[in-house]
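Please open the structure in your viewer and keep the sequence beside it, so that each selection below can be followed in turn. The tour moves from one selection to the next and says what is found at each stop.

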Amino acid sequence: MWKRALDRAGIKEPRLRRDYTEQRHAVRKFATAEYAAARLLLPAALVPHVMAAVAFMHDTDDRIDRGTPDERAGALTQWGSLVRKAFAEGDSELPVLRCLVRTAERHPDVRGYVEEFLQGCEREVTWRTIADEDELEQYVREYSLPALMLTACLLAPADAGARTVFTGGCHQLIRAMQRFDFLEDLSEDVRAGRPGVPADAVARHGADLTRPGAALGRLVAEQADLAGIDLTAAACLTDVVEPSYRPFIQALIGVQRLRLDAVRRAGASVATRSSGPPAPAAAVLLLRQTAARARRTR
């Protein structure tokens with residue numbers, strides 16, 4: 001099945017086939033649910049390119065996520081130079097970059113989002129707190145959205161009007177997902193001194209982010225409600241993508257709804273433990289979309 005996906009993606013060279021297979025293994029290890037959704041629900045020709053984009057995003061995040069702000073900024077500068085060198089020369093010593101360059105050759109929009117993503121990483125390595133909704137929006141627009149678009153652009157419609165709707169839906173989706181991330185990882189982020197929940201909202205509720213309490217529960221409920229509004233609006237994505245992509249988009253949004261439900265259930269306990277969607281429910285959702293896709297292709 002994987003060899004067929006490589007064939008349909010036009011990846012013929014033995015070294016590149018090994019490179020893409022390596023990225024596939026990496027994605028399967030750190031993003032199991034997303035990997036399964038892509039393999040089961042996307043057209044085979046697109047899957048290797050999705051793996052390349054996701055692997056690059058994860059590799060970048062891993063490289064810039066350790067050390068002091070200066071160390072992280074230095075790692076980003078070094079990594080950015082390697083990425084741009086790979087595009088300039090059309091090759092790299094690193095398999096993840098060899099795959100990224102080939103994917104960008106087949107899907108030119110990727111190149112622009114790589115640059116936007118690297119620029120957004122400059123914000124990612126320096127921020128310590130998010131003051132308010134305006135700063136959250138800036139973070140999403142500059143960093144989170146380009147990160148999502150590395151992969152999402154592979155599914156974008158060709159029509160200009162539909163593409164505008166698509167990009168707007170992606171913006172709403174990733175804004176919801178970013179709120180989930182900040183709530184799900186609150187205890188870890190607080191220990192690291194980088195809480196992502198807007199500080200003005202924390203102050204307005206009088207919440208203590210270090211331990212459960214009624215004020216924190218109200219803060220979590222408010223942030224979950226805001227994420228829910230964006231998630232509902234992001235359903236427009238299914239109206240503008242090609243029919244063959246709809247099961248994947250529906251599954252992706254469905255998993256985010258499971259995350260939303262899990263955050264609501266966790267409430268103030270996010271101060272002491274992480275939250276996430278129950279694996280059985282995510283599996284059922286994925287199987288349901290897989291069955292629906294099979295029925296459409298008969």
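**Confidence**

Begin by colouring the protein by pLDDT, which averages 92, with 94% of the residues scoring at least 70. Select helix 6 (residues 95-106), where the mean confidence is highest, at 98, and then helix 15 (residues 279-297), where the mean is lowest, at 66. Where pLDDT is low, the predicted coordinates should not be read in detail.

**Aromatic rings**

Next, turn to the aromatic side chains, which form 7 aromatic pairs. Select Phe-56 and Trp-79, whose ring centres are 6.2 Å apart and whose planes meet at 25 degrees, so the pair is stacked; the cut-off for stacking is an angle under 30 degrees. Phe-56 belongs to helix 4 (residues 47-63) and Trp-79 to helix 5 (residues 69-89), so this pair ties together parts that are 23 residues apart in sequence.

Now select Phe-117 and Tyr-143, a stacked aromatic pair with 5.8 Å from centre to centre and 25 degrees between the planes. Phe-117 lies in helix 7 (residues 109-124) and Tyr-143 in helix 8 (residues 133-152), so the pair ties together parts that are 26 residues apart in sequence. Both Phe-117 and Tyr-143 are buried.

**A charge over a ring**

For the next stop, select Arg-111 together with Phe-87: the charged end of Arg-111 sits over the ring of Phe-87, at 4.1 Å from the centre of that ring.

**The cavity**

How many cavities of 30 Å³ or more does the structure hold? There is 1 such cavity, and the space in the largest cavity comes to about 40 Å³. Helix 9 (residues 160-184) gives the largest share of the lining, with 3 residues. By class, the lining has 5 nonpolar, 2 polar and 1 charged residues.

**Contacts across the sequence**

The last selections join residues that are separated along the chain.

Select Ala-86 in helix 5, a residue that is buried with a relative accessible area of 1%, and then Val-101, which is 15 residues away along the chain while the two C-alpha atoms are separated by 7.0 Å.

Move on to Arg-194, in the loop between helix 10 (186-191) and helix 11 (199-205).

Finish at Ala-221, which is found in helix 12 (residues 214-233) and counts as partly exposed, at 34% relative accessibility. Ala-221 and Val-263 are 42 residues apart in sequence, and their C-alpha atoms are 8.4 Å apart in space.

Technical notes. Residues numbered from 1 in each chain as written. Predicted model: local features only at pLDDT ≥ 70, side-chain atom pairs only at ≥ 80, totals over all residues. Heavy atoms only, no water. pLDDT = per-residue confidence, 0-100. Helix = DSSP H or I, 4+ residues; strand = E, 2+ residues; numbered from the N terminus. 1 Å grid on protein atoms, 1.4 Å probe; cavity = no way out; pocket = protein on both sides within 12 Å on 5 of 7 lines; lining within 4 Å. Points joined across faces, edges and corners; volume = space filled by probe spheres on them. Nonpolar A, V, L, I, M, F, W, Y, C, P; charged D, E, K, R; others polar. Phe/Tyr/Trp six-rings, centres within 6.5 Å; stacked < 30°, edge-to-face > 60°. Buried < 20%, exposed > 50% of the residue type's maximum accessible area, 1.4 Å probe, protein only. Lys NZ or Arg CZ within 6 Å of the ring centre and 35° of its normal.
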